[in-house]
Amino acid sequence: MAFHPYQIAVSNVVDREAAIHELKGVIKLVNRTWERRAEIEPSHDERRRPQPMDVYKLLPQTNCKACGQPTCFVFAAKLTLGQVELPACPVLREPQYAERLAQLEDMLGGDLPAVGPREE
Ligand code: SF4
């Protein structure tokens, strides 16, 4: 799940209903957090965007263009800017990339706002 200035993106769900269910859960969490804001100690730890080369190293590096990008590195760069999402790369769903996909999901985390226009 990724929060962007004017939208929330949900991935890795089976269908629209599952996405709506996940979103409702997040809305409840946000509202509960707001209600308890006086009890919460803010964290001022700096979060850095992953660098494109770090993301690229975990991609399949086939440059197959199935994601709509000319190369895996372009896809990596757009991932770090929140302009595309991991599910756009179908190759990552192949079993041999399961560990890399998990690493990418962890690295990209989904809590950094998109920079520039998002691609559909
Ligand atoms: S679909 Fe995946 S493997 Fe193919 S070019 Fe895009 S990022 Fe690379």
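**Briefing: surface, helix packing and a salt bridge**

Arg 48 sits in the loop that runs between helix H1 (16-35) and helix H2, where helices are DSSP runs (H or I) of at least four residues, strands are DSSP runs (E) of at least two, and both are numbered from the N terminus. This is a predicted model, in which local features need pLDDT of at least 70 and side-chain atom pairs count only at pLDDT 80 or more, while totals for chains, interfaces and linings use all residues. Residues are numbered from 1 along each chain as its sequence is written, and side-chain values use heavy atoms, with hydrogens and water left out.

- From C-alpha to C-alpha, Arg 48 and Pro 87 are 22 Å apart in space, and they are 39 residues apart in sequence.

**Helix H3**
- Helix H3 (residues 72-80) has buried residues that include Cys 72, Phe 75, Ala 76 and Leu 79.
- The buried residues of H3 pack against helix H2 (52-56) and helix H4 (98-108), with contact meaning heavy atoms within 4.5 Å.

**Salt bridge**
- The structure holds one salt bridge, defined as a side-chain nitrogen of Lys or Arg within 4 Å of a carboxyl oxygen of Asp or Glu.
- This salt bridge joins the side chains of Arg 36 and Glu 39 at 3.0 Å, N to O.
- Arg 36 is partly exposed at 49% relative accessibility, whereas Glu 39 is exposed at 58%.

Note on methods:
Buried < 20%, exposed > 50% of the residue type's maximum accessible area, 1.4 Å probe, protein only.
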